[in-house]
Structure formats: C-alpha cells, structure tokens
Amino acid sequence: MSERGVVNDEQGEGRRGGRGFSADFLTELFRNPLDPGYADAALRRAQRGQPGRAGWSVSPVSLVIVVLLGFLFAVAYRQTMAEEPGRAQARSGLVAQIQQRQGETDELSIRADALREEVNRQREAALGGSGAARLRNLEASTGLGKVRGDGVVVRLADAPPGQQPLSGAKVGPPQVLYSDLQGVANDLWGAGAEAIAINGQRLTATSTIRNAGQAILVDFRPVTGPYEVSAIGPGAMRKRYEGSGSALTMRKVAQDTGLSFEVRDAEDLTLPAAPEPQLRYAQPAVSTSPSGADELSGSGSSPSPSGGGR
Amino acid sequence: MIAVLALLAGVLLGLWLDPTVPSALQPYLPIAVVAALDAVFGGVRAKLDRIFDDKQFVVSFISNVLVAALIVYLGDQLGVGGQLSTGVVVVLGVRIFGNVAAIRRHLFRA
C-alpha cells in the first residue's frame, strides 16, 4: 500500500494506513478527495506491467458515459428553465389576485358608505326633528359623522433625505415620529378642536396613533408623510394651539433638524367619518363548573346581551 | 479532446431531444447532477495524475448517481429528505473542491 502514497499525493501528506473504515472519515475526505479506486487500478496495472495510458484517448464506454453526462446536464438545465415561468406565473397570479381583492374591497367600502348614508337618511326620517339633530351632533362629536367647517391644518413632513442636521442639537431624528403626531393631535383637542383627521383618517375617542417599524399607523392603517393634521374648531383654536407645548416643541425641532412644520388656517374643511366602530357585546359567561355558576348568580344581574358598550 | 466533444454532443442531444422528466424523478435531478460532476472532476484529476481508469470512471459515475438518488429517496421516505440532500451535496461538494484544487495545481502549478 505504500505506493499509493506516492502515486496519489500532491500535497506531500502521507496517506494513513489501509483502506478499511477510518473513524476519521471527514478528515480523510478533506485530505484525499480522489476516489481510491483510481489508485488501486493504477497499482494493479503497474503490477501487471501495463503502462498507464497517457494523452486524451478514452475508451468507448467512457465516451458513452460522457455523452450521458452532457445529456444529464442539458436535461437538468432544461428542467430548471422550464420551472422558471411557472414560478413567475404563480407570482403574477398572486399579484393579480391581490389587485382584484383590493378593487373588491374598495367597491365594498364605497357600497358600505352609500348604505350608511341611506341608513342615516332613513333614521332621520324616522326620528324626525330634534331627535335627528341631537343624533347628528353626537355623531359629529364622536367622529362617526362627516363634518364640515373652518379650522386649522398642521402640516408635518420629514426632512429631505441626505440633508445633514442643521446643528448638533440633540432633538431627535429629522423624521416625523408617531409621538409628534400624538402630541399635535392632543394639543389640538386641548385647543378646542371638535374634529380631527390625520391624512383623511378621522380620529375618535378610541383612535390610536402608533408606530410599527418605520411606518406610522393611525387606527391600524398606515399613513405616510407629509402628514396633514386637519382640525375643525372655534376661531381662537389656532392661537391657542400655537402656544401649546407640541407647537413650540415642533418649531424647535423643525429649526434644528430641517423637518417641516407649519400651521395654517383653513376654510371649509371636510373631515370624513371614522369607520364604524366594531360593537362588542358582553356575553353571559357559559360556565360548566357549578362553582362558576354560583359566582355568576352571586354577582347579581348578568350583563344583558345588547347592553354592553364598546 | 474527444471527451469534450462527446460532452458537447451529449448537451446538444439533450437540448435537441428535450425529454420530459417524470415528476417522480424531478427531485433527484439536481443531486444526480452534483454526483455526476463529482465523477467528472474525479476522472479529470485521475487523468492528470496519469492513473485514469475507464472502468473505475464508469463505475464511479453510475454508482455515485445511484447512491445519491437512493439517499435522497430514503430521506424522503424518512421525512428528512432536505437534510440528507444537504449532506450529499456537502460531501460531494468537498470532493469536487478537493479534486478541482488538484486539477488546478496540475494545470497552473500553483
């Protein structure tokens, strides 16, 4: 077996031992990747005294195998290429489905709006007079009805990209943060606003302004800059707002980081209704254990199915 | 030289005939290609080492492809097809790398 080391070894590393199972299989694999059969065959030939063949001549069997190899490569290539359009098709199919569903959603929401107006009309006709007026006022103040009026628009926008902060002051990044929008909305309420919308998203008592990653979500719907916070309220609202904390803070931030912040009067604003809130009803607890039933009965009146608030 | 021509002929044949692979065999195709590549580079290296042997080449090609396919089949039956395919690719990949390195040393003396 000592010849094999001579025949086979390019790196001059001694080849260990015989051919039997080596516990260090991976080391062996890395050290000597050539199939040992070649060395054995060469050894046999040397023992029989045949010279190793030089040059590039190969036997017909090997040629057949090589042809087969080329065939295999070509088939594999064709196969991979054939699968490609299938994938692209699936993707474009999904894109088309998404677009179709979005269109359906838009249509349905338009229909829902129309139906809601119809319901409002019917309700007003049914209630008549003061009842309907009271309902309208309640809807306007809770954000469930469309409102029109004069007010202010606060416009916030990120600083243009690539612009360095104007000074080294530590006032935060040159982007509008969700907390900025929260502050603006809260101070507008504080200044007497009766209705507020951010980029056309009406705020109600249960609205949320949060961030998810880079995006700002108003009521779980993403809004993108520039952000326009429109508020309808009394004439003195603007003056009061200008003196509020968020206005002062944002002016300072705008000066230092380059993001834009402006407050202007606006006439005849129309703020859309907020989406109908999901009404949640309390359900009587269904308890299987007798002790739970005792507790329930002990607590007096169980909540009525229709009486629960949101 | 003849071997290269034969390889080209095989490629052309494959493109010309354009056979459809039965879907049952499709998962084995990539593994078969890797196993075949291993046999080819082993053969080329043996050639450069002047210890090439026709029988060894043919047997190693066929057995490589069959064993690789068998392992993948077994893995599929056992529910670890992906992992076993990875294992096959790693082992054959190591061999391919080693043999290509040896070929490179032969050809460029570096």
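In chain B, 37% of the 110 residues are buried, a residue being buried if 20 or more other C-beta atoms, placed from the backbone, lie within 10 Å of its own, exposed if 12 or fewer do, and partly exposed in between. The model is predicted, so local features need pLDDT of at least 70 and side-chain atom pairs count only at pLDDT 80 or more, while totals for chains, interfaces and linings use all residues. Residues are numbered from 1 along each chain as its sequence is written, and chains are lettered from A and ligands numbered from 1 in the order in which they are written.

The secondary structure of chain B consists of 4 helices and 0 strands, where helices (H or I, at least four residues) and strands (E, at least two) are DSSP runs numbered from the N terminus. Along the sequence the pattern is α-α-α-α. Of the contacts in chain B between residues at least 6 apart in sequence, 63% join residues at least 24 apart; a contact requires C-beta atoms, placed from the backbone, to lie within 7 Å.

An unreviewed UniProt entry places the feature "transmembrane region" at residues 27-44, 56-74 and 80-103 of chain B. Such positions are given in the numbering used here, with shortened feature names, and the annotations may be inferred rather than shown by experiment. Residues 27-44 of chain B are 94% helix and 0% strand, with end C-alpha atoms 27 Å apart. For residues 56-74 of chain B the figures are 100% helix, 0% strand and 26 Å between the end C-alpha atoms. The loop between helix 2 (28-48) and helix 3 (54-78) of chain B contains B:Arg50. This arginine, B:Arg50, has a positive phi of about 60 degrees although it is not a glycine. B:Arg50 is partly exposed because 13 other C-beta atoms lie within 10 Å.

Helix 5 of chain A (residues 130-142) has 13 residues and reaches 18 Å from its first C-alpha to its last, close to the expected 18 Å; the expected span is 1.5 Å times one less than the number of residues. A:Gly143, with a positive phi near 90 degrees, follows helix 5 of chain A.

In chain A, 5 strands form an open antiparallel sheet in the order 3-2-7-1-8, two strands being paired if DSSP finds at least two bridges between them. Strand 3 and strand 8 (260-271) of chain A each have a single partner strand, so one side of each is left without a neighbour in the sheet. Strands 2 and 3 of chain A pair in the antiparallel sense over 2 bridges, and A:Ala197 stands opposite A:Arg202 in strand 3 of chain A. A:Asn199 lies in the loop between strand 2 (195-198) and strand 3 (201-202) of chain A. The phi of A:Asn199 is positive, near 45 degrees, and A:Asn199 counts as partly exposed because it has 17 C-beta neighbours inside 10 Å.

Key: Contact = placed C-beta atoms within 7 Å.
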